[in-house]
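Visitor: Please show me the model, and then let us go through how its parts pack.

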Amino acid sequence: MKKLLLFFMIVGYLSVNAQDLGTLSVEKIMRDPKWMGVSPTNIQWDNNSRTVYFNWNPERVKEEPLYQIAIDNRKPQQTSDDLRKSLNKGSISYSKDRSKILFERNGDIFIRNIITGQESTLTSTLDRENNPVFNSDESKVLFQRGDNLFSMALNGGTLVQLSNFTRTRKRPEAPLNKQDQWLRQDQVNEFEIIKKREEDRKSREEKNKADAVKGPKEFYLDERSFLMSVRLSPDEKYIAFRLMKRPEGNKNTIVPNYVTESGYTEDINGRTKVGNALAVNESYVYDIKRDTIYAIITKDIPGIKDLPDYVKDYPKQLAERTKKNEDRKVSINGPFWNAEGSHAVVVVSSLDNKDRWIMKLDQTNGMLSLLDRQRDEAWIGGPGIGGFFGGANIGWLDSNTIYFQSEATGYSHVYTLNVSSGVKKQITSGKYEVQSLQLSNDKKSFYLSANMEHPGITHFYRIPVQGGASVKLTSMKGGNEVSLSPDEKWLAIRYSSSNKPWELFIQENKAGAKVEQITNSSTEEFKSYAWREPEMVKFTNRYGSDVYARVYKPEKPAPSKPAVVFVHGAGYLQNVHYWWSQYFREYMFNNLLADNGYTVIDIDYTASSGYGRDHRTGIYRHMGGKDLTDHVDGVKMLVEKYGVNPENVGIYGGSYGGFMTLMGLFTTPEVFKSGGALRSVTDWAHYNHGYTANILNEPANDEIAYKKSSPIYFAEGLKGNLLMAHGMVDVNVHFQDIVRLSQRLIELKKDNWELAVYPVEDHGFIEPSSWTDEYKRIFKLFENTLKR
């Protein structure tokens, strides 16, 4: 009996450890991600450059605590609540010698001496003050309260209001008609007492006007106007501001929420659809000395009337728009002044997404003159360029020279330009992208992140502002997200590899310096499984371009030699790289598939980020075109190189990946036998404007692009097995999308599809039970269709 009990104990022990050692299941990998361990996030330096703060959760508690390390004591310690609250600084402005900072906390302005740590309160009001900066000689603090700019002398002097934006309009007296004017004048003429009172009234008004405190010129803001980007020039002579006026007549989509606390269905007011009216942007300059306001003039911008090439496909539209000869609508970002306030530049973007101009602003009259124009018949974008996919990097090196990024060569690179002479110089070059850019404190160097060595490896570099050889400061192969200390002596690095999640490292700001790991976040359970380093491959697509991919190889392919294609979401996103994927659940699921005999491929298809302009815009006017054929070509490579069976190929993905799955099954059914389409866009005319109009223009103006790109028009091509899954409270890709496609499939009498709905989920699922249910269905689909 004892021997039998011992036998069962040993078997039980081995069974438990077999699970611990990595037998994957959908239930395990789709649990609350805390089971894996929680990586550090939100890395920030204290202004003294001696302490690093970060969110971390090694205890796997509900709320993610704040931790800190010191340069001279690198053991992570949890911060106190009081210290955590004191770190809430909003935007920070440094003094010229970087000994003091201004910042906003909870709507009040503070000043702090970095060396002594002494902190003083400058405002303590019920109003909200924000965006504090020093004036040019650092004698005053400039900040915004409500809609208006104020200045306050640091020596305890006067608080001065610099602008007068108001939403309360004084109502003038109703004008008299001709008859009443005659009666009024007749009364004055006939009665001495009335004449005297009229003269007294006028005298009082003139005296009150003379005695009144003169304030800034009033500018009325109506109820549809939003005040944006209020800026004071360094010489305190001009205030620039932008008004954004909300459009009228747009209709928002209603998203019904069925599972609510009230027990009633409650409506969520969603977004509009692509092609609806856009906000109107107007930019102005207030000349303080002259007390006058004038608009920044855009009518003379070179190419302001240029039409995009695509209108040639619509002769009637081309004729109408040519006849109208209208200026294109634009948005102006800036001005950006040099330190003295003697020069100002603005970044002007056309709302049709085809142009970005960098222009010099004449502050005395609002006139613009061209410094640089970037035209793209697809759409303006790329790292550091601006547009929907990211902000623009622009700044001053000296009194006459600006720096900026441009895709003029096909890749996002750094340029400098003298605003007086117009001389432009390219600082970085090559078939890589500058992904982040920072000017050093002494303005002699640029710090930048770039994928110089390989599209899937990022490093942190330093390069002289005049150009020359770059110095690589990081050394670990993978992803290096670097936070530079304020004194530029240290690097806080969030690093990961393809099979190990993010951890925090510290390194001196020197090439070849020792790197010290600070955190160790992964749990023993997570580390007990041998997570694959996907094989990084490159193949040439049918158009002769290089396409990068990750391949997960099974140790023992299933007898049917099946393959699965995973399609990353967002379209413009990179997932084939040597760092930890933001699609970590799918990474683990791909390991599970490989364990079960599937060969899995994950492709950075045309439109993915990290590969330059041509790759980014290769889907212009045809989503589901080159991006889909890249996947078809990838499957061909799997057949030829890895021996997969072309009869047993599946595909899955979410959001853009769900869209691609639908296009794959609808338009290339001979390639894909089954697919899981998750939270999919089914008709691009129903998606948002900012993203879609870049790629497909607007439905009413470019119907051809939408008809070629929307799965709902190709549903009759479905032959394989389709699983669709969608959250019912998705405010990004509305549930309406999948309902419309379902009705289309019903009308087409298709019977090889199913729809799984998730009543409490938005676009990005939250509940582990939803993730588990969704991926159990995908796994079941592949097991039932690709292994037979």
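**Helix packing and cores**

Guide: Helix α10 (residues 626-642) packs against helix α11 (residues 656-667) at an angle of about 70 degrees, with the axes 10 Å apart. Helices (H or I, at least four residues) and strands (E, at least two) are DSSP runs, numbered from the N terminus. This is a predicted model, in which local features need pLDDT of at least 70, side-chain atom pairs count only at pLDDT 80 or more, and totals for chains, interfaces and linings use all residues. Residues are numbered from 1 along each chain as its sequence is written, and side-chain values use heavy atoms, with hydrogens and water left out.

Visitor: How are α10 and α11 oriented to each other?

Guide: Axes are lines fitted to C-alpha atoms, for helices over the stretch in contact, and angles run from 0 to 180 degrees between N-to-C directions. Angles under 35 degrees count as roughly parallel, over 145 as roughly antiparallel, 65 to 115 as roughly perpendicular and the rest as oblique. The angle here is about 70 degrees, so α10 and α11 are roughly perpendicular.

Visitor: Which residues in α11 meet α10?

Guide: Contact means heavy atoms within 4.5 Å. From α10 come Asp627, Leu628 and His631, and they meet Tyr656, Phe659, Met660, Met663, Gly664 and Thr667 in α11.

Visitor: Which residues touch the most other members of the largest nonpolar core?

Guide: A nonpolar core is a set of buried (under 20% relative accessible area; exposed is over 50%, partly exposed in between; 1.4 Å probe, protein chains only) Ala, Val, Leu, Ile, Met, Phe, Trp, Tyr and Cys residues joined through side-chain atoms within 4.5 Å. The largest has 60 residues, and those touching the most other members are Met623, Tyr656, Phe666, Phe672, Trp684 and Leu722.

Visitor: Is Ser483 buried or exposed?

Guide: Ser483 lies in strand β33 (residues 479-484). Outside four places in sequence, Ser483 is in contact with Ile43, Trp45, Trp490, Leu491 and Ala492. Its relative accessible area is 18%, so Ser483 is buried.

Visitor: What percentage of the 788 residues of the protein count as buried?

Guide: The protein has 15 helices and 44 strands. Of its 788 residues, the buried share is 51%.
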